[in-house]
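Biologist: I would like a close look at a single part of this model. Please start with its surroundings and then go through the part itself.

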Amino acid sequence: MQEDFHYYATYCAAYLAGYSHEESLDICYCAQFVDLCSTTFLSKIKAPIKAATTQLSLEMMDARTDIIGLQDITRIWASFHFLPRDLYAVKPNRSKRYMSKYRLICGPNGDLLEKTVRLAKGKSLQHAGIAMHVLADTWAHMYFAGTPSLVINNVNNSFYEILEKDGEEYARQIKFRHNPSAPDDIEKGLYTNSLYQSNENSIMNLGHGRAGHFPDYSFARYKYMPAWADYYEVLKDNPSDYERAFTQMVYALKYLRGETESFVKDTYDTSVMEKYGDRIRTIIRKRQLNACEDWKKFGEELSGETIEKFDLTKYEDEYDLIPADSKNKSFIGKFIEGALQQKGMVTDEISKAGISHAGFVIPIELNKRKSG
Amino acid sequence: MIVTAFFLAYNPKEAYRVVISFLAIGFLVSGIATLSYYFTMARYMVGGKIILYRGVLLFDFAIFSGALADVPRFYVLVYLAVIHLFSGLVEVLRSAEARGNGGKSWGLKLIHGIINITAAICCLVFAKKTNTAVYIYCAGIFYSGIIRIVQAFRKTSFVYIR
């Protein structure tokens with residue numbers, strides 16, 4: 001997902017869940033910050049780099065894909081962007097080596113999602129924002145794994161967008177190209193993806209890189225043959241999935257606010273769709289590269305307040321000026337605390353499932369929220 | 001690589017066996033690793049057969065390269081010519097694909113392709129000179145060394161997933 005959903009749509013969801021304008025801004029700021037909190041940023045503000053929630057392209061170019069490098073990559077991408085749906089998934093006649101990658105495939109409504117949302121309960125707004133990023137991404141990044149893997153994440157030419165003309169559906173083959181500077185062309189169906197690399201652990205085979213940004217567009221409806229699906233086609237309906245992501249966020253945020261007693265997976269707050277369904281569906285289905293303006297307008301109509309643009313430097317000075325022993329009380333400090341807890345929890349769960357790709361957590365350090 | 005190229009070029013008689021042995025061992029290790037990857041992972045993947053073919057081909061290259069120590073050097077040149085010609089054609093096709101997809105790297109790929117095809121032609125033209133295989137090999141690794149140095153300073157970018 002992109003800034004339009006992680007920032008503006010999350011603001012709308014938080015406001016509809018009952019948070020104030022200021023609280024909603026904090027939550028959506030953190031949901032978007034997950035996509036920007038890199039080791040480069042953390043080094044710049046002299047914060048602990050183990051709290052990184054993303055990797056920038058330059059960092060990934062330098063990232064090694066030996067076991068230590070792969071664990072770093074997987075900890076970040078599986079914890080925050082590709083939350084595994086079922087760490088104990090079963091598939092007959094598969095090697096252990098294969099299953100250790102297969103079980104990291106992301107999807108909504110897994111046990112780890114429940115744990116993610118429950119972990120944020122009673123914590124800071126920053127932690128709630130992190131949980132909302134993770135929750136939303138489980139819908140957009142479904143069927144891809146947050147670890148480099150050719151056998152899981154590769155896609156072939158059998159990739160079609162489902163379009164409508166005169167009320168009838170038809171499939172148009174998507175053409176992928178490898179030119180990062182060229183913007184995606186929605187009209188012609190031209191999208192940038194990562195290069196094919198036959199090396200299993202090439203960084204090019206991370207997440208949905210082989211399908212480019214296409215899975216991140218809310219309007220996208222497509223069918224394709226995932227590398228892991230035994231030659232079966234998968235139909236991905238983003239408008240429907242994004243709608244469920246939005247209503248699940250509202251439900252989860254109501255739980256975090258204390259309005260609902262428990263968080264149960266596969267549950268959605270459909271009341272918002274009864275009232276605002278047409279508006280939300282219109283934004284989600286509109287064929288555009290970036291829906292920020294539409295979500296912003298909707299959010300401002302809901303709260304009657306102005307939603308400021310996302311500014312990465314907004315809390316840098318506060319973090320810099322606060323005394324060292326009080327850093328964890330600052331805005332970024334609370335975010336770091338939430339990020340470390342999330343990373344520690346997911347890494348621990350992956351490790352307990354017998355998968356070594358994310359490393360492991362030493363229990364004593366887990367209490368101190370240090371992942372290793 | 002550049003230093004090795006010069007060293008081998010000054011000792012072409014010794015270099016011949018060294019080059020062939022390194023080539024064979026390199027292909028053998030890659031072939032076994034690729035076949036192992038196919039049987040434990042890639043055979044479950046859509047289109048995974050390509051990994052099997054790759055492994056078999058590498059293994060085959062290893063056996064064939066190892067056997068070259070006992071055959072006349074003329075055949076080695078033919079072998080080198082075929083490898084260069086094949087690589088060159090693949091690079092030219094990739095260049096056309098990259099150009100069609102709007103990629104910027106098509107020019108470099110085309111140059112690689114032309115160099116490989118030229119090397120193949122050289123192998124056949126100078127077939128009577130027995131040390132030609134070594135010199136062409138040296139030119140190849142010299143060129144690779146230069147390219148690696150250039151690439152180390154080149155700005156590269158790739159898709160960033162968010």
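How many helices and strands does the secondary structure of chain A come to? Within it, which residues of helix α7 (residues 111-120) of chain A are buried, and what do the buried residues of α7(A) pack against?

Modeller: This is a predicted model, in which local features need pLDDT of at least 70, side-chain atom pairs count only at pLDDT 80 or more, and totals for chains, interfaces and linings use all residues. Residues are numbered from 1 along each chain as its sequence is written, while chains are lettered from A and ligands numbered from 1 in the order in which they are written.

Chain A has 15 helices and 6 strands; these are DSSP runs numbered from the N terminus, helices being H or I of at least four residues and strands E of at least two. Along the principal axes, the C-alpha atoms of chain A fill a box of roughly 55 × 50 × 40 Å.

Of the 372 residues in chain A, 51% are buried. A residue counts as buried if 20 or more other C-beta atoms, placed from the backbone, lie within 10 Å of its own. In α7(A), the buried residues are A:L112, A:L113, A:T116, A:V117, A:L119 and A:A120. They line one face of the helix, because they fall within an arc of 160° when seen down the axis of α7(A); the arc is that of the directions from the helix axis to the C-beta atoms. That face packs against α8 (125-140), α10 (238-257) and α14 (331-352) of chain A. A contact here means that the C-beta atoms of two residues, placed from the backbone, lie within 7 Å. After α7(A) comes A:G122, with a positive phi near 75°.

For chain A, residues 24 or more positions apart account for 64% of the contacts with a separation of 6 or more.

The strands give a further reference point. Strand β5 (residues 221-224) of chain A runs antiparallel to strand β1 (residues 159-165) of chain A, joined by 3 bridges, and β5(A) also pairs with strand β6 (residues 234-237) of chain A in the antiparallel sense over 4 bridges. Two strands pair if DSSP finds at least two bridges between them. A:Y224 is the bridge partner of A:F159, and A:V234 in β6(A) is that of A:Y224.

For the complex, the predictor gives an ipTM of 0.80 and a pTM of 0.81.

How values were computed:
Buried ≥ 20, exposed ≤ 12 C-beta atoms within 10 Å, placed from the backbone.
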